Amino acid sequence: MIKVIVSVLLLALLCCGIGYQQLQSAMKMPLKVENSTLFKVERGTGFNQLCQAWQAKQWVDSCFKFQVIAKLDPTLTDLKAGLYELDTSAVIDNIRRINQGAQVSFSFTIIEGQPLRDVVANIQKQVHLTHDLDTKNLATQISNTQKNLEGWLFPDTYHYHSGDSASGLLKRAYSKMQQELESAWQNRASDLVLSSPYEALILASIIEKETGLASERPLISAVFTNRLKTNMRLQTDPTVIYGIGADFDGDIKRKDLTTYTPYNTYKIKGLPPTPIAMPSKAALLAAVNPPQSEFIYFVAKGDGSHQFSKTLQEHNRAVKQYQLN
């Protein structure tokens with residue numbers, strides 16, 4: 001402490017008569033910005049250059065005292081490039097934030113049940129990301145192994161800094177899905193009808209799209225599992241809609257159910273060729289651990305839930321009650 005005080009006094013004598021009290025006051029001087037002001041520090045920016053930029057914006061009155069303080073504490077000159085959120089705390093505290101690389105953080109959320117096209121469209125709207133996605137070769141860019149990236153991005157909120165790449169963020173989501181799918185597969189039921197983790201991913205995506213109620217996912221899984229075991233078509237509308245693609249107008253029609261696409265499970269047997277959306281962890285677990293059940297039908301009740309049935313007769317009554325009325 002004595003050495004520091006001596007250094008301050010000697011430096012003050014050399015610096016045109018600036019005294020110790022003035023330096024102490026400068027240490028506490030607030031930065032004159034509006035709250036939550038973003039400021040980008042470019043790579044290679046020096047301390048004097050930073051202070052002069054702030055002075056030009058009238059955030060500080062003079063750089064001279066801060067240059068003196070930086071001579072006393074050279075660690076202040078170690079500036080890390082990035083985007084920072086400045087506030088009205090002391091100038092030195094704001095500089096310390098830059099010394100520490102405490103950049104402002106942004107977030108991007110992949111929502112459960114989103115198809116790949118929506119994820120890509122949303123991420124391209126993020127203004128602080130570097131947009132480097134190769135949309136024609138996206139699966140190769142992100143995974144190196146998958147031919148189709150649908151279903152492979154884990155729904156979650158991902159935080160990033162200004163200048164991070166969109167591809168880097170999606171690679172994190174892909175890695176997370178790999179981990180969650182592998183974990184779910186390792187804990188699958190012993191008599192599971194599915195033969196691979198990818199089939200589990202496909203089924204989980206259908207379960208995710210069929211219901212918004214977490215409590216129903218296991219029973220939805222049981223219905224589809226029972227159908228797969230008996231070679232019965234899945235006959236699930238979300239796969240039909242996915243097969244229609246961008247041309248879907250929001251109203252599924254009878255001709256849609258009878259028109260062949262590789263995803264129309266009214267026309268094909270078994271699972272569609274790829275997932276149809278990004279499944280949640282709960283959907284993954286439901287897909288690989290369906291409860292024992294005799295249900296093979298379900299119909300939407302109009303309130304977000306479903307009526308499950310064991311026989312076609314029961315199902316027809318439910319359709320009449322909840323749909324035809």
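## Contacts and pairings in a predicted model

At a relative accessibility of 27%, Ile252 counts as partly exposed, a class that lies between buried (under 20% relative accessible area) and exposed (over 50%), as computed with a 1.4 Å probe on protein chains only. This is a predicted model, in which local features need pLDDT of at least 70 and side-chain atom pairs count only at pLDDT 80 or more, while totals for chains, interfaces and linings use all residues. Residues are numbered from 1 along each chain as its sequence is written, and side-chain values use heavy atoms, with hydrogens and water left out.

Ile252 lies in the loop between α11 (237–244) and α12 (254–258); helices (H or I, at least four residues) and strands (E, at least two) are DSSP runs, numbered from the N terminus. Once its neighbours within four places in sequence are set aside, Ile252 is in contact with Asp237, Val240, Ile241 and Leu257, where contact means heavy atoms within 4.5 Å. Ile241 is 11 residues away along the chain, and its C-alpha atom is separated from that of Ile252 by 7.2 Å.

Helix α9 (residues 197–210) and helix α13 (residues 281–288) pack at an angle of about 120°, their axes being 8 Å apart; the axes are lines fitted to C-alpha atoms, for helices over the stretch in contact, and the angles run from 0 to 180 degrees between N-to-C directions. From α9, the residues Ala200, Leu201, Leu203, Ala204, Ile207 and Glu208 meet Ala283, Leu284, Ala286, Ala287 and Val288 of α13. By class, this contact has 10 nonpolar, no polar and one charged residues, with Ala, Val, Leu, Ile, Met, Phe, Trp, Tyr, Cys and Pro counted as nonpolar, Asp, Glu, Lys and Arg as charged, and the others, Gly among them, as polar.

Arg217, found in helix α10 (residues 217–229), is buried, with a relative accessible area of 7%. Not counting residues up to four places away in sequence, Arg217 touches Glu112, Ile207, Glu208, Thr211, Ser280, Ala282, Ala283 and Ala286.

A search of the whole structure finds one disulfide, a term for a pair of cysteine sulfur atoms within 2.5 Å. It joins Cys51 to Cys63, with 2.4 Å from S to S, and the torsion about the S-S bond is about -110°, so the disulfide is left-handed. The pair links distant parts of the chain, with Cys51 in helix α3 (residues 47–56) and Cys63 in the loop between α3 and α4 (64–72), 12 residues apart. Both Cys51 and Cys63 are buried.

The search of the whole structure also finds 10 aromatic pairs. Rings of Phe, Tyr and Trp (its six-membered ring) pair if their centres lie within 6.5 Å, and planes under 30 degrees apart count as stacked, over 60 as edge-to-face and the rest as tilted. Two of these pairs are set out below.

| Pair | Centre to centre | Angle between planes | Class |
|---|---|---|---|
| Trp152 and Tyr198 | 6.1 Å | 15° | stacked |
| Phe295 and Phe308 | 5.7 Å | 40° | tilted |

Trp152, in the loop between α7 (138–143) and β4 (157–161), is 46 residues apart from Tyr198 in helix α9. Trp152 is buried, with a relative accessible area of 7%, whereas Tyr198 is partly exposed, at 25%. Phe295 lies in the loop between α13 and β5 (297–300) and Phe308 in strand β6 (residues 306–309), so the pair ties together parts that are 13 residues apart in sequence. Phe308 counts as buried at 11% relative accessibility, and Phe224, Phe295, Phe298 and Phe308 form one aromatic cluster.
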